[in-house]
Amino acid sequence: MKIRSMTATFGKLDHARLELGDGLNLIYAPNEGGKSTWAAFWKAMLYGIDTRDRDKKGYLADKNRYQPWSGAPMEGTMDLEWQGRDITLRRGPKGSAPFGAFSAVYTGTEEAVPGLTAANCGELLTGVGREVFERSAFIGSGGDLAVTAAPELERRIAALVSSGEEDVSYSQTEGRLREWLNRRKVNRSVGLIPRLEGELREVDQALEQLEELSGRIALLEGERTALSARRDLLAAERATHRRLAQRELDRRFAQAREELEAARSQLATLEGETAKYGPLPDKDLLKKAQGELQYLKVLDEELRQGEAARKEAEEVYVQAQIAAQDDRFPGMTWEEGVQAVQKALSDYNTGLATARVKGMAAKLFPALGLLFALIAGVVGGVREGQLLSYPLYAGGFIFLLTLMAGFVNHTGRRAWEDRCAKLLERYRVQSPQELEELAQDYRRRCQAAEEAARQVRTIRGTLSDRQARRDNSRTDLLDFVHTFSPQVTDLFGCSAALSRGLNLDHELSLARERVEERRRRLDDLEAQGGGLPEPVGEAESPARTPEETERALAETERRLAQTDQDLNQALGQRKAVGDPAALAARREELAAQLDRRQEEYRALAVALEALKEANAQLQQRFSPELNRLSGQYLARLTGQRYQSVALNRELEGAAARIEDVSPRNALFLSRGTADQLYLSVRLAVCGLCLPEKPPILLDDALAAFDDRRMVLALELLEELAREQQVLLFTCQRREGAALEGTSAVTRLEL
């Protein structure tokens, strides 16, 4: 089979087309250039997409990973040559299933290729199923070249050992035998044998349970009979208690009816008494009238106290008037007296000041005249040279004038002093301070008299108001009391009438409450079933109290109900367990089946052990042809450094050099050498197990190879490409440089 072209709307590819040639195709693309997407597209065109695959942590299912980025439906076309004919494969959406639609026609026509379907397309074109294809011709997707075991690949490799048959493998045979063995016994709890053993144990337990249940049922039936007899006895005792209780209830009912009649009679008597002079006022009004009566008593007391206070105030007023009278202030108010004193003080101060001035003038004028005369005598003596002169005469005259002026001022001073003394004498005081204190004292005495007069007026007004209020309240109270006690004439009678009214109201209220309470009590007793007692015979009171009887009966009924429940459960359990004869027959049947299954288990264990021994012998010569061809390819890829390859059934590889005593496991090799080992294995599988020689696809498979071994690998691939198509995807330029000048290589760049 050879691929001619591919057109894809797949992942990042949007109607992308890839034209391929025969032999080796070197396809270069940088990272994220679409190499792995083209590889996945080719596999999907062959084998379809598993729609049952689901996303997992760190993993995307192909149906989601390769959804077209453009939003278009996932679809593609591939033209190829197969069995000498050109055919065209098409896949596209079918409903919600990607690549669900499939067609295979001969190229240039719409003639369907017979027998080629979506289910078998990959296996018919490549000659192998998906498992073998992914482990052989589909190399290095994502850079991983390791090979893992698969049943189909194992069968094909096993066919290389001897017979060539491909319809059976050790792992499948071993799995089938182990499955049969596990069906019989996986462990102590799973399998046919443990199940039969469990059923046998259940049957034995059921037989034991039946025997135990039969004994328990007999005990429960005896206990139920005894409890039923005790329940009947206690029920009769309870009936006796109830008859006695009913008799007591009837007695209480008759007594309650008699007490109700007595209460009604008392109520009627009180109502007749209250209606003698008319209906009583409301209780609140009576209490309010009592409050008014108490208030009248308070007013009388206040009036008595007020009269005493009035007399005392009038006496205080008379004394204050007497104290306020003063002959120094005749007919003056205290304001006028204070003004007169202030004027006298002003005149006194003015006269005293004038007397002081005149006294100073009486002394100063003579002194000045004498001084002037002396100066004039001196001046005259100096100027005229004699003692007696005109200036001296003038000075003497002036001196006489000043003496006269001094005398006049002295006389005036004495007159003003006498006037000031008369002012003080008029008020009979010795100093202005005493005069001022006299005015202040007169003012205080006058104000005290005025305050006493005001107090007398206030007390008289209050007494008048209290008297009026007392008279009005007394009249209103008498009018109110006359509505139900017209014979009352004074406050003492009012007090008695109010007390009687309140007592009657209280007694009437109590009588009504008593009637209502006894009526309710009679109704309650009647509701409880009470009635007039009927003559009955005396019944002997039981030893237990009613409460003890009820508790004993309740406990007996509870135990009886529990016994019935336990008995029913035991009967149900016995019925559920089954018939003893049927269980015995079932036990014999299970014992026979268990013996048969245990014999089968032992036979299968022997067969599995024999298969393991045979496999151990076959393991020693597992596919020498595959090891031989893989060793040849590895020798070419490593420049003859490694000469042989050894594979186990899990396809874990090991390589050996000429000087090595034993091969080295791939885990001990470098990454590049391990990739070369597994590339050798994959190419050998392609050569030995793929009869249709499908194209070999390598996706960055040489990334870990050094330059020398890369060249060796390219030489091997170029040689293989002479017989089958090879597609080498790479993100490096070195493969192209190494193949420079080689004409049998188709070069493509994405």
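**Aromatic pairs, sheet and cores**

F10, W38, F41, Y66 and F99 form one aromatic cluster. The structure is a predicted model, in which local features need pLDDT of at least 70 and side-chain atom pairs count only at pLDDT 80 or more, while totals for chains, interfaces and linings use all residues. Residues are numbered from 1 along each chain as its sequence is written, and side-chain values use heavy atoms, with hydrogens and water left out.

**Aromatic rings**

- A search of the whole structure finds 8 aromatic pairs; rings of Phe, Tyr and Trp (its six-membered ring) pair if their centres lie within 6.5 Å, and planes under 30 degrees apart count as stacked, over 60 as edge-to-face and the rest as tilted.
- One of these is the edge-to-face pair of W38 and F41, at 5.8 Å centre to centre with 85 degrees between the planes.
- Both residues of this pair, W38 and F41, belong to helix α1 (residues 35–47) and stand 3 residues apart, about one turn of the helix. Helices (H or I, at least four residues) and strands (E, at least two) are DSSP runs, numbered from the N terminus.
- W38 is buried, with a relative accessible area of 1%, and F41 is buried at 0%; buried means under 20% relative accessible area, exposed over 50%, and partly exposed in between (1.4 Å probe, protein chains only).
- The ring centres of W42 and F133 are 5.3 Å apart and their planes are at 80 degrees, so this pair is edge-to-face.
- W42 lies in helix α1 and F133 in helix α4 (residues 130–134), so the pair ties together parts that are 91 residues apart in sequence. Both W42 and F133 are buried.

**Charges over rings**

- The charged end of R85 sits over the ring of Y106, 3.9 Å from its centre; this requires NZ of Lys or CZ of Arg within 6 Å of the ring centre and within 35 degrees of the ring normal.
- The charged end of R733 sits over the ring of Y28, 3.7 Å from its centre.

**The sheet**

- An open sheet is formed by 5 strands in the order β7-β11-β12-β3-β13, with parallel pairing; two strands pair if DSSP finds at least two bridges between them.
- The edge strands, β7 (138–139) and β13 (745–749), each pair on one side only.

**Nonpolar cores**

- In the largest nonpolar core, which has 86 residues, F10, W42, L89 and L125 touch the most other members. Such a core is a set of buried Ala, Val, Leu, Ile, Met, Phe, Trp, Tyr and Cys residues joined through side-chain atoms within 4.5 Å.
- A second, separate core of 22 residues includes F329, A340, V341 and Y427.
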